Amino acid sequence: MAVTVKTFTSASEAAGALSSDRSARYLGGGTLVMRALNEGDVTISTVVRAHDQALTRIDASGPRVTLGAGVTFARILAERDLAFLHAPARSIGGPAVRNMGTVGGNLFAPTPYGDFTVALLALDATVAVQGGFGARDVPIEEFLQARDRQAGMLVLSVSCTRPASSEAFRYRKIARIKPKGGSVITLAAHLPVSGGRIAGARIALGSMAPTQIRARAAERALEGRSLDAATIAAAASAATEGTSPSDNALGSAWYRREIVGVHLRRLLSGQE
């Protein structure tokens, strides 16, 4: 089956092409789309590209950070102002993948991938998209819940608030092959503190459901409390609530349920 490649100068034109052709897929870094094509995915008949500099723009000058959908993980690692995102960026594949893989593409990466998206979910990111109904901003959790129905939409950028301190944001990926293996589980925590107590806790998990999810029961165990041993133990005990992991070559659903609380305890305690 022949595949047509369409290249546009603006993101809006590319979004229009995606909206008008449900068999079209956007090609950013290519780590997902090219793999699908090479594996013979016959549902893709058109590949859409855009040479719009806005898609590769980084704005990290203020408290709100914006990353164009086409920003690669290698570029994030090169930006000193994005140090809080270096750990999740570094956990994506090897150097070749980080040179090609993009922030926007990672939003669509299936389990056991999509680790950077776990960090964005913990940071309460907003996803800017454009499609048949124009451009709009979507909370990342809402975006992920409808991810499999996002055909015809182009991701423009992702934005999040910079954590107040290095201790406020924590990330951990558990993989059998380091540093580039698929994740057994991935965890990220954003723990803003006000008056010595956690205010606005967010815990995100990867490989614990069909898409990245928040550990809401663990968040409730943390909210309004100081981060002491008892609070951490309560959050770890609640980590599996609402999860639905699956079996794959990296680990069984049973194993993931067994270890997620252990690793959440270590993450919150600051243990390696």
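Trainee: Which residues point one way from S9, which point the other way, and are they buried or exposed?

Mentor: The model is a predicted one, in which local features need pLDDT of at least 70, side-chain atom pairs count only at pLDDT 80 or more, and totals for chains, interfaces and linings use all residues. Residues are numbered from 1 along each chain as its sequence is written, and side-chain values use heavy atoms, with hydrogens and water left out. Strands (E, at least two residues) and helices (H or I, at least four) are DSSP runs numbered from the N terminus. From S9, Phe169, Tyr171, Lys173 and Ala175 point one way, Arg170, Arg172 and Ile174 point the other way, and all are buried.

Trainee: How many residues of S9 are buried?

Mentor: Buried means under 20% relative accessible area, with exposed over 50% and partly exposed in between (1.4 Å probe, protein chains only). Strand S9 spans residues 169–175 and is mostly covered. The number buried is seven of its seven residues.

Trainee: What is the bridge partner of Ala175 in S10?

Mentor: Two strands pair if DSSP finds at least two bridges between them. S9 and S10 (residues 183–190) pair in the antiparallel sense over seven bridges. In S10, the partner of Ala175 is Ser183.

Trainee: Which elements give two or more residues to the lining of the second largest pocket?

Mentor: On a 1 Å grid over the protein atoms alone, a pocket is an open set of points where a 1.4 Å probe fits, with protein on both sides within 12 Å along at least five of seven lines; lining residues have an atom within 4 Å of a point. The volume, meaning the space filled by probe spheres set on points joined across faces, edges and corners, is about 430 Å³ for the second largest pocket. Of its 19 lining residues, the closest to its centre are Tyr171, Arg172, Lys173, Ile174 and Lys178. The elements that give two or more residues are S9 and helix H11 (253–269).

Trainee: Why is H7 described as largely enclosed by the rest of the structure?

Mentor: The buried residues of H7 run from Asp115 and Phe116 through Thr117, Val118, Ala119 and Leu120 to Leu121 and Ala122. H7 is largely enclosed because its buried residues number eight of eight.

Trainee: Which strands stand at the edges of the open sheet formed by three strands?

Mentor: The order is S1-S3-S2, with parallel pairing. Each edge strand has a single partner, so one side of it is left without a neighbour in the sheet. These strands are S1 (4–8) and S2 (24–26).
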